[in-house]
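Thanks for coming, everyone. Please look at the structure on the screen, and I'll walk you through it.

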Amino acid sequence: MGDVHVDLDSRHGPFPGVLDPASIAAYAAATNDTNPGTLAGTVVPPTYPVILVFDAQYAANAVVPPEVFATGRNGVHGEHEVLLHRPLVPAEELTTWSEPFAIRNTRAGMRVVLHMEQYGADGELAVEQWWTTFFPGSDVLADAGPEPPDHTFPDDARGRPVGSRTKHVDTDQPQRYAEVSHDWSAHHFDLESAKRAGFDYLFAHGLCVMAMCSQAVVELVADGDPTHVRRVAVRFASPTPLGEDVTVDVYEIDAATFAFEASCAGAAVIKHGRVELCA
């Protein structure tokens, strides 16, 4: 474990944003959502706020010391969580602030956790997000900060299966998702860039797959109504190749909390998924 430290007291913002109905509808279409309300832009999907935090995420990530990147291994999006403190309303404004939250070392590498807070026009906290970047093989930073919220898969949940859903990842999924999220990372479009990242195939955006998985869980446990969801959290296990089916398996933790995992082409793509419903 290294002795380089990160300033966890820095806060970045404000970054203004709007829950634009046209953007909501485009996001729903880009993630293959079939809900009539989200496709019309009149209902906000629980994962939609992720597309409003990229500038805030870049600002908070800027405090990661260059020694981390000097290890020669680029970071990958390892985990993500969205926590809704209240229902979101199309056309409302959300202002985002970000901060480095925690550093955790493992035998495989290092996790850098960022925390985002999104406030409504009334100044009240509406959404929190935790964005974890994993740096494989790196150990230059010392552990710091609190533990992020837990969403590990309880072993006993496998005894309470709810059901499964299959979602198809289209070959043009990255293009459609990038048009609404503005995430044009080259490894989703260029095979040579994907190979430099360690993969011999193009793959979907992890946050797009997260959205598709949450849709599957909503279909199974929330009567198809995304407004019933207050929390979605995942660990990205491996990239999801284009042109394949994703199978989402859902299990009950308790009456309002569900664990899920997803696989594609014989590999796990989402582990330790969790959805919590509103009380």
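P16 stands opposite T95 of strand β3. This is a predicted model: local features need pLDDT of at least 70, side-chain atom pairs count only at pLDDT 80 or more, and totals for chains, interfaces and linings use all residues. Residues are numbered from 1 along each chain as its sequence is written, and side-chain values use heavy atoms, with hydrogens and water left out.

Back to T95. In β4, its bridge partner is Y119. Strands here are DSSP runs of E, at least two residues, and helices are runs of H or I, at least four, numbered from the N terminus. Two strands pair if DSSP finds at least two bridges between them. Strands β1 (residues 12–18) and β3 (residues 93–105) run antiparallel, joined by 5 bridges. Between β3 and β4 (residues 109–119) there are 10 bridges, again antiparallel. A hairpin of 3 residues links β3 to β4.

Now the whole sheet. How many strands form it? The open sheet has 10 strands, in the order β1-β3-β4-β5-β2-β7-β10-β9-β8-β6, with antiparallel pairing. At the edges are β1 and β6 (161–168), each pairing on one side only. From one strand to the next, the twist averages 20°. Helix α7 packs on this sheet, and its direction makes about 135° with that of β6. Axes are lines fitted to C-alpha atoms, for helices over the stretch in contact, and angles run from 0 to 180 degrees between N-to-C directions.

Next, the core. A nonpolar core is a set of buried Ala, Val, Leu, Ile, Met, Phe, Trp, Tyr and Cys residues joined through side-chain atoms within 4.5 Å. The largest one has 64 residues, and V248, F260 and I270 have the most contacts inside it. Helix α7 (residues 206–221) gives the largest share, 11 residues. Another core, of 5 residues, lies apart; L83 and W130 are among them.

Last stop: E79, in strand β2. Is E79 buried or exposed? E79 counts as buried because its relative accessibility is 11%. Buried means under 20% relative accessible area, exposed over 50%, and partly exposed in between, with a 1.4 Å probe and protein chains only. The E79 side chain makes a polar contact with the H151 side chain, at 2.8 Å. A polar contact is a pair of N or O atoms within 3.5 Å; within protein, one must be able to donate a hydrogen and the other to accept it, and residues adjacent in sequence count only if both atoms are side-chain atoms.

Technical notes
Contact = heavy atoms within 4.5 Å.
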